[in-house]
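Biologist: I would like to learn how to read a sheet from its strand pairs. Where do we begin?

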Amino acid sequence: RGTTFHICLPEAPDAPAAGTEPSRPESDATVDPRGSETILLAEDEAPVRALATQALRAAGFTVLAATDSDEALRLARQHPGEIHLLLTDLIMPAMSGTALAQRIAALRPGLKILFMSGYAPGSVRQMQDLPDTIDFVNKPFTRNDLTEKVRRALAA
C-alpha cells in the first residue's frame, strides 16, 4: 500500500571542485546581460513577476509588468514608446502565452518574444505545439539566467 514516485533527472556534468565557480561555455562569457530596452512582462504569479521585474530593472531594462493577459494587452496598446521584448508565461489563466504573443505582435510588429515556463522544455513544446526554434526560460530561474536569456532574445 502506498504510492511510488519515479523521478527522472538528466545526468549532470561533472561537478566543479568545492569552492570553485562552475565553468561557463566561452560563448556565454561574451554575452553582456545589461541593456536599456523596454520589456513587457506578463506573469500571473506575483513572486515570479517580482523577481523577474527586479532582476531586469537591476540590469538596466525598463519593465512594464502585467499581472495577466488583459493588463499586458492594455500596456501594449497604451505604452507610448517602443516595446522591444514580450516576456510571457506560457500557461496563464485567461489566455495562453502563445495567444497573447500573437495578439501583441499584431499590435507591435518586430516585437521579440521570449516565453517562460515551469514545465520541462519537451513537455511544453508538445503541450503548446511549439516549434523547436522558439526559446524560453525555465522556471525557476536565477537572475543571471533570466538576463542572459533576455539579452540573447533581443540580439536574435
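Modeller: Strands (E, at least two residues) and helices (H or I, at least four) are DSSP runs, numbered from the N terminus. The model is predicted: local features need pLDDT of at least 70, side-chain atom pairs 80 or more, while totals for chains, interfaces and linings use all residues. Residues count from 1 along each chain as its sequence is written, and side-chain values use heavy atoms, without hydrogens and water.

Biologist: In which sense do β3 and β4 pair, and over how many bridges?

Modeller: Strands of a sheet pair through backbone hydrogen bonds, either parallel or antiparallel. Pairing here requires at least two bridges found by DSSP. β3 (residues 85-89) and β4 (residues 112-117) are parallel, over 5 bridges. β4 also runs parallel to β5 (residues 136-138), joined by 3 bridges. There, Met116 has Val137 as its bridge partner, and Phe115 stands opposite Phe136.

Biologist: What is the strand order of the sheet?

Modeller: The open sheet has 5 strands, ordered β2-β1-β3-β4-β5, with parallel pairing. β2 (62-66) and β5 are the edges; each has a single partner strand, so one side of each lacks a neighbour in the sheet.

Biologist: Which strands does helix α2 touch?

Modeller: Contact means heavy atoms within 4.5 Å. Helix α2 (residues 46-58) packs on the sheet and touches β1 (38-42), β2 and β3.

Biologist: What is the mean pLDDT of the protein?

Modeller: pLDDT is the predictor's confidence in each residue, from 0 to 100. The mean is 83, and 76% of residues reach 70 or more. Over residues 25-30 pLDDT stays under 50, and the model has 2 contacts beyond four places in sequence for them.

Notes: Axes fitted to C-alpha atoms, helices over the stretch in contact; angles between N-to-C directions.
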